Amino acid sequence: MAMFRLQGSKVLAVGMTGDAVKAKNGSMVAYDGRMDFKKLSGGGEGLRGMVTRRITGEQMTLMEVKGEGTCYFADRASEINLVALHGDKLYVESSNLLCAEASLRTGTSFTGLRGGASGTGLFTTTVEGSGQVAIMSDGPAVVLRVTPQYPLSVDPGAYVAHQGGLRQTFQSGVSFRTLLGEGGGEAFQIRFEGDGLVYVQPSERNTVGGEV
């Protein structure tokens, strides 16, 4: 079993004893011991994944890293957050996925209008199973709890990932005042209801919603 630990907040160290992980292509910054690197097709899902991702537009290029020693990963000085999965599923924007244990299954999931509003396509990446995942954020991520009593609305540009029994809907805050430039500037939001966690970054991507 690969061991994930953070070196500071922007470098991930993964200790391996013959184990393997899937990581964002080109994210290795150093390693000690013996490591083998292999590019994975279709986001690590083979030919079927390659076809699915080409159709959906959800782009993700991963490599498999296997060996004995410690491998260090980072990407553009992004903040790194560790997520432990226990048989559940994590939904994460493909650009925010840094590394996952090789035993975890990756795939794509339809997100409806949320993806269209955020400019990231109508599909998002999923990671499922039991093991460790490292996700990235632009600035330290905030983990927000959603309960049936307290739903959550998130700006699409700040959304990173979510897990748990959550339902998401796309809602528009466009009003006459927004169109006149007198509103709060948040024309679109993702609304989460149910029970789970949402990861939000303190920086917004450029989105269609942000330009309205």
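Two strands are taken to pair if DSSP finds at least two bridges between them, a strand (E) being a DSSP run of at least two residues, numbered from the N terminus. The model is predicted, so that local features need pLDDT of at least 70 and side-chain atom pairs count only at pLDDT 80 or more, while totals for chains, interfaces and linings use all residues. Residues are numbered from 1 along each chain as its sequence is written, and side-chain values use heavy atoms, with hydrogens and water left out.

**View 1. The hairpin of E1 and E2.** Strand E1 (residues 3-7) runs antiparallel to E2 and is joined to it by five bridges, with Leu 6 having Leu 12 of E2 as its bridge partner. Three residues lie between the strands of this hairpin, in which Gly 8 takes a positive phi near 75°.

**View 2. Strand E2 and its other partners.** Because 11 of the 14 residues of E2 (residues 11-24) are buried, this strand is largely enclosed by the rest of the structure; buried means under 20% relative accessible area (1.4 Å probe, protein chains only). Antiparallel to E2 runs strand E4 (residues 62-73), joined to it by 12 bridges, and here Gly 15 has Thr 70 as its bridge partner. Strand E6 (residues 97-101) is also antiparallel to E2, through three bridges, and Glu 101 of E6 stands opposite Val 21.

**View 3. The lining of the largest pocket.** Of the 11 residues that line the largest pocket, Arg 76, Ser 78, Asn 96, Asp 138 and Gln 201 lie nearest its centre. A pocket is an open set of points on a 1 Å grid over the protein atoms alone where a 1.4 Å probe fits, with protein on both sides within 12 Å along at least five of seven lines, and lining residues have an atom within 4 Å of a point.

Key:
Buried means under 20% relative accessible area, exposed over 50%, partly exposed in between (1.4 Å probe, protein chains only). Helices (H or I, at least four residues) and strands (E, at least two) are DSSP runs, numbered from the N terminus.
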